[in-house]
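Here is a short briefing on one protein chain. Keep the structure open as you read.

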Amino acid sequence: MSTPDSQHDSRHDSRHDEKDGDRSVGRRRPRTRVVALVGLLVVLALAGGVSYYASASPDGLNKVAEDHGFASTAKDSPTRHSPFADYGVRGITDGRVSTAVAGVAGVAIVLALGTGVALAVRRRDRRAASDGRR
């Protein structure tokens, strides 16, 4: 038998239990910034540290050109004088450091470009929404 007070208490407890149940499970979602930071650190470690251990063998196109005898007809890339040509950084003579710096720089450049595009698209969407054009 329930009284109005006990029904109120029961409903209150039920909501409270659900709320506490969510907390008691202990599955708090990680914050987006934490996930992004951990992901960035992993990518930088891979680009800066593990990239040194990449295969020194020629890439697929060069291997096919060598195997079929037309490697001598290859032309130099127009970007051969760029700061990051051949997976290295011009001016750094240590191959290991050069590859690591090139990897980290590549991650930073791609991250900057991606962030810029994402911000531009978000800004455009906000303007369109505020103008009522969606």
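Arg124 and Asp125 join their side chains in a salt bridge, with 3.6 Å from N to O. The model is predicted. By the rule used here, the salt bridges number three. The protein holds four helices and zero strands. Its pattern along the sequence is α-α-α-α. Of its 134 residues, 8% are buried.

- Side chains of opposite charge can pair when their charged atoms come close.
- Arg124 is exposed because its relative accessible area is 54%, and the cut-off for exposed is over 50%.
- Lys63 and Asp67 form another salt bridge, at 3.3 Å from N to O.
- These two residues sit four residues apart in helix H3, so about one helical turn separates Lys63 from Asp67.
- Lys63 is partly exposed, at 41% relative accessible area.
- Asp67 reaches 51% relative accessibility and counts as exposed.
- Asp76 and Arg80 also meet through their side chains, with an N to O distance of 3.9 Å.
- That distance qualifies because the salt-bridge limit is within 4 Å.
- Asp76 is exposed, with a relative accessible area of 60%.
- Arg80 is partly exposed, at 42% relative accessibility.

**Surface patches**

- Which residues gather in the patch of positive charge on the surface? They are Arg122, Arg123, Arg126 and Arg127.
- Arg126 belongs to helix H4, which covers residues 95–131.
- Arg126 counts as exposed because its relative accessibility is 55%, against a cut-off of over 50%.
- Val50 is placed in the loop between helix H2 (32–48) and H3.
- Is Val50 buried, partly exposed or exposed? At 46% relative accessibility, Val50 counts as partly exposed.

**Annotated spans**

- An unreviewed UniProt entry lists residues 34–54 and 100–121 under "transmembrane region".
- In the model, residues 34–54 are 71% helix and 0% strand.
- The end C-alpha atoms of residues 34–54 are 29 Å apart.
- Residues 100–121 are 100% helix and 0% strand.
- For residues 100–121, the end C-alpha atoms lie 32 Å apart.

- Most residues other than glycine have a negative phi.
- Asp86 has a positive phi, near 55 degrees, and is not a glycine.
- Asp86 sits in the loop between helix H3 (60–67) and H4.
- With 75% relative accessibility, Asp86 counts as exposed.
- Tyr87 is not a glycine either, and its phi is positive at about 60 degrees.
- Where is Tyr87 placed? Tyr87 lies in the loop between H3 and H4.
- Tyr87 counts as exposed, at 69% relative accessibility.

Notes: Residues numbered from 1 in each chain as written. Predicted model: local features only at pLDDT ≥ 70, side-chain atom pairs only at ≥ 80, totals over all residues. Heavy atoms only, no water. Patch = residues over 30% accessible without salt bridge, like charges linked within 9 Å, V, L, I, M, F, W, Y side chains within 5 Å. Areas by Shrake-Rupley, 256 points an atom, 1.4 Å probe, with all protein chains shown as cover. Lys, Arg positive; Asp, Glu negative; His and termini not counted. Charge placed at Lys NZ, Arg CZ, Asp CG, Glu CD. Buried < 20%, exposed > 50% of the residue type's maximum accessible area, 1.4 Å probe, protein only. UniProt positions renumbered as here; feature names shortened; annotations may be inferred.
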